[in-house]
Amino acid sequence: MDNGVVIIDKPKGVTSHDVVGMLRKRFKTRRVGHTGTLDPLATGVLPICIGNATKAADMLTAADKRYIAVMELGKRTDTLDIEGELLEENPVNVTESEIRAAVAGFTGEQEQLPPMYSAIKQNGKKLYELAREGIDVKREKRHINIYSIEILKIDLPYITIDVHCSKGTYIRSLCDDIGTILGCGAMMTELRRTGTAGFRIDEAYTIEKLDSLPDITSAVKPTDELFSDLPEIHLNEKQERSIINGVRMTWRTGREGQRYRLYGAGGRFLCVSEIKDMKLVLIKSFWS
């Protein structure tokens, strides 16, 4: 079985789960999972984990994200994007300087109210399921961080932005909030994820490109590349056996609280561990 990650350029109009189904057929395995949902409207970077890499899927959902989004001023919908029902339409009488000031005001740490049309669960039910039943429930704001927002283009009523943000950020909500500040409302019309977990759009495969490869396994990146931002620790055979047997081995040369990629004597990727009280504590194993 192949183990690793394939970076897919998700097409518009399909769900992240649909893409998982496509790759299950192509790789002939059920052990396939995605690392964070992209709405059907969205396109772009969707890392798909295969084999033992599926163990890492939950770790990657916490990664920062980067998006290019287009919003249309003057319109608001119930879903906060172009696919929803139009709630209001307003004239757009704003200047470029007002737009730039409003957008810049959303940089930094903040609390964001998630949209009703989202997969967040409340009392065991997804919010979008409640929204489709016409039920609007009270939602708690979430702490997010928008590291940067760059305006790429202003062609009123459309504005194109490049956003680098933390996990849990809803770009639809960001567009709606910007529209509120400008006094005319706004809805998101396009969304493209250009990066997540260290993976970029220029290394992503469309489904068509994947199918054109002579050997589909050539698109699979090794599992340890999911943690390329972590420093490495290389073990000898005795140390490797200790780690696999569940020993919290003393390691005095690392940094307290730092996570590491651990490799066995033959260069085999073993696990991700963290140094706690000068011991290597297992976070996630990938040996078989």
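Here is a walk through some aromatic and charged side-chain contacts in this structure.

Keep in mind that this is a predicted model, where local features need pLDDT of at least 70, side-chain atom pairs count only at pLDDT 80 or more, and totals for chains, interfaces and linings use all residues. Residues are numbered from 1 along each chain as its sequence is written, and side-chain values use heavy atoms, with hydrogens and water left out.

Let's start with the rings. Rings of Phe, Tyr and Trp (its six-membered ring) count as a pair if their centres lie within 6.5 Å; planes under 30 degrees apart are stacked, over 60 edge-to-face, and the rest tilted. That rule gives 4 aromatic pairs. In one of them, Phe227 and Phe269 have ring centres 6.3 Å apart and planes at 35°, so the pair is tilted. Phe227 sits in the loop between α6 (207-212) and β14 (232-234) and Phe269 in strand β16 (residues 269-276), so this contact ties together parts 42 residues apart in sequence. (Helices, H or I with at least four residues, and strands, E with at least two, are DSSP runs numbered from the N terminus.)

Phe227 also pairs with Phe286, again tilted, at 5.7 Å centre to centre and 50° between the planes. Phe286 is in the segment after β17 (279-285), 59 residues from Phe227. Buried means under 20% relative accessible area, exposed over 50%, and partly exposed in between (1.4 Å probe, protein chains only). Phe227 is buried at 5%, and Phe286 is buried at 3%.

Now for the charges. A salt bridge here is a side-chain nitrogen of Lys or Arg within 4 Å of a carboxyl oxygen of Asp or Glu, and the structure holds 16 of them. Arg66 bridges to Asp162, with the closest N and O atoms 3.0 Å apart. This pair links strand β4 (residues 65-73) to strand β11 (residues 158-165), 96 residues apart. Arg66 is partly exposed at 33%, whereas Asp162 is buried at 12%.

Arg76 and Asp176 also form a salt bridge, at 2.8 Å between the closest N and O atoms.

Finally, Arg200, Asp202, Glu203, Lys221 and Glu225 are linked in a network of salt bridges.
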